[in-house]
Amino acid sequence: MNTPIVTARNLRKTFGDFEAVKGISFSVLRGEIFSLLGPNGAGKTTTINMLSCLLEPTAGTAEIAGHAIPGDTLGVRRAIGVVPQEIALYDALTARQNLEFWGRLYDMRGQALARRVDEVLEQVGLLDRAQDKVKTFSGGMKRRINIAAGLLHKPQLLFMDEPTVGIDPQSRRRILDMVKELRDGGMTVLYTTHYMEEAEELSDRVGIIDQGQLIALGTQAELTRVVGEQETLRLHLAEEAAAEVAAVGGDRAAASPDGGLSLFNGLPGVLRVSTVDHQIVVNVADAGAALPGVVGRANTLGLHVRSVDIEEPNLEAVFLHLTGRGLRN
Amino acid sequence: MNKVLTIMWKDARVLFGDWAAVALIIAGPLVLALGMGLVTGAFSGGDAPAIGRIPVVLVDEDGGQLAAALAGLLTGNDLSDLLAVEALTDPDAARARVAAGDASAAVLIPAGFSDSFMPDMATGELPAPVAAVVVGDPGAPVGAAVVRSVVDAFAARADTAVAGVRAGLTQLASSGAASPAELPALGQRLGEALFADGAVAATASVIRVETRNVTATGQPFNPLAYFAPGMALLFLMYAVTLGARTLLSERREGTLARMLAAPVSSAQVLGGKVGGIFLGGFIQLAALILLTTLLFRLNWGNPLSVALLVVAAALAATGWGLLIAAVAANSGQITNMGMALTLLFGILGGSFVPLNDAWPALDWLSRITPNRWALDGFTALAAGDGGAAVLVPVAALLVMAVVLFAAAALLFRRRQGALLTA
């Protein structure tokens, strides 16, 4: 498990004047789930596209299962399976017809292809819908067929680019369980997401990416040590208060020099503050000590706090610590 | 090659798996061809629907010999296959029949018509001319034109005869064979002899109706043999537009990227997409030929020649589809441009109306359309001409395909970074 199947060295991608990926280097070890975690627009999909040979890197190289990028792109494409962010299927064809088509592009034929199609349909729980047109499927079912198409040729490495976007919680649960089963079966998975919970649940190692750069990489334990013993107070606000806070959050004049909010400046133990949706996220040295002051200040400011969560160090806190922003800002 | 065929076949399946598209590209031309056939009488019995007789009403208010000659011409045996003449007594009633569309034309012979060709007994001068009037139905321009030309020919013959009489009298007078006093009576007798009953046949003989088959084998003409391929070719452009649209829609939907992430080259992907467009057009044409043969018992001609023409037409149409895809920015633009070209090529290429008497410029312009060349070939084959009749159309279509493919390839290469990559 310790040998790398993916090695990326200083990968860069520029579109005109815009540098989408600014020299990313990382490895993915065989048999692990490696997550690239970052907000929308961080460069996750661009990185995956370079490793999938869909985009030629502006600079840098990579090696996948012994095949070089640039260089042996055909070998790379034989070794990898891709589950794209889009549901890349043909609505007018049945599930079986879709999979047979994709299988033929991987040089699968005849009975071997038919058997394998049945296997992956069983694996994603849709064997009974094999003869139905994809356009009749729910979003979650389409996502599962999307995954099945990436598994047909039994790749050594599976790229999954945000495979749970826009689906119901039940389907999402099913997909996450499927990813873990794949890893347990020996497959290596490179998984991109902007959901911290997914990265925390699935990953053996995580690379945190923001604005085209890899800002942290390691196991979850290694990453959370970045924030030390810091804890997070998550204040859930009423909707009307959230609007005020959002306005303040966009007001540069009220921001602290480090980019966080100034709402709780001067309170002991408060390290960093940001907003996410209807929440104020406060990084503190000691939650127990900081909590009364934070809640009191919020009440003084007229922010109606409905509930408070105390969280152990997590990837969200790591991201907040490193960038001053929440993952979903 | 396998992967190219795989992509081709997938595209054809996707196209023909859309029942709305199938209804439009198969049922649409079939129904239109059926309609055209009904209108032109292609189903009236036998392979050769007769050209219907032109309904004409005739009012003779003159009653003279010349009027009788004209009436005899219109109702005589020589024109009986062409004209169906009904005699009326009231000119207003005749005009009303034409206005109501019950007759293509009315021939009104006013009083004094015959006498206007006879010189005055006393003075020897011709009276003021009194012309026969032809009232035509604007809704039946062909029939009205035929009647008008018959009457004009008669009048011209009559004028010639009168001129001949006058020349003859002048000669008699100048030679001294007749005295000036005798000339009016002589002119009267000459005129009567010229336009007497026995001379009607001579007058009428200038106007004859002849039926000739213009085909080499003399096969009877079936209008459906024109309109069925016309409609099929009209919708061929629409079918290839649907196929061309998938080049951009696959990029938008991510299936193109997925293909390129597989061990498939961009050349194979493009080849498969082009092949898919061609296959869609070919299947559409072939299906229409088969259906019209079975349902309408239409004889398209030598099967091998027909197949060759279908392949060539589908290739040329594919070329146009590719060119549209190469210049359009998105699939919506492809649809709009495709629809515009479908209609334009249909009109220019003769899918709706034969271009036999087209302006030279229009005839020249029609040759940029696959419709024109393919129609020339299909109609020649249906008329019984041999395989050689399709050589020129096939060659023209293949040249068109090569030129368009090359142009599209050049444009695609410039856009390849945007088109074939994510």
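Predicted model: local features only at pLDDT ≥ 70, side-chain atom pairs only at ≥ 80, totals over all residues.
Two strands are taken to pair if DSSP finds at least two bridges between them.

Chain A holds an open sheet of four strands in the order 12-13-11-14, with antiparallel pairing. Strand 12 (270–276) and strand 14 (305–311) of chain A stand at the edges; each has a single partner strand, so one side of each lacks a neighbour in the sheet. On average, and with direction ignored, neighbouring strands of this sheet are turned by 20° against each other. Strand 12 of chain A is joined to strand 13 (residues 279–284) of chain A by six bridges, and the two run antiparallel. Within strand 13 of chain A, I280(A) is the bridge partner of T275(A).

Two helices of chain A pack on this sheet. Helix 10 (residues 287–300) of chain A touches strand 11 (231–237), strand 12, strand 13 and strand 14 of chain A, and its direction makes about 25° with that of strand 11 of chain A. Helix 11 (residues 315–323) of chain A touches strand 11, strand 12 and strand 13 of chain A, and its direction makes about 80° with that of strand 13 of chain A.

Between the chains, 19 residues of chain A are in contact with 20 residues of chain B. On the side of chain A that touches chain B, the elements giving two or more residues are helix 2 (73–79) and helix 3 (95–105) of chain A. By class, this side of chain A comprises 13 nonpolar, two polar and four charged residues.

In chain B, helix 11 (residues 303–327) has 25 residues and reaches 36 Å from its first C-alpha to its last, close to the 36 Å expected at 1.5 Å a residue. Of the 25 residues of helix 11 of chain B, 20 are buried, so this helix is largely enclosed by the rest of the structure.

Helix 12 (residues 331–349) of chain B has 19 residues and reaches 25 Å from its first C-alpha to its last, close to the 27 Å expected at 1.5 Å a residue. Its buried residues are I334(B), G338(B), L341(B), T342(B), F345(B), G346(B), L348(B) and G349(B). Seen down the axis of helix 12 of chain B, the buried residues fall within an arc of 165° and therefore line one face of the helix. The elements covering them include helix 8 (224–253), helix 11, helix 13 (360–366) and helix 14 (370–382) of chain B. Just after helix 12 of chain B, G350(B) takes a positive phi of about 90°.

Notes:
Residues numbered from 1 in each chain as written. Chains lettered and ligands numbered in written order. Expected span 1.5 Å × (residues − 1). Buried ≥ 20, exposed ≤ 12 C-beta atoms within 10 Å, placed from the backbone. Contact = placed C-beta atoms within 7 Å. Nonpolar A, V, L, I, M, F, W, Y, C, P; charged D, E, K, R; others polar. Arc of directions from axis to C-beta. Axes fitted to C-alpha atoms, helices over the stretch in contact; angles between N-to-C directions.
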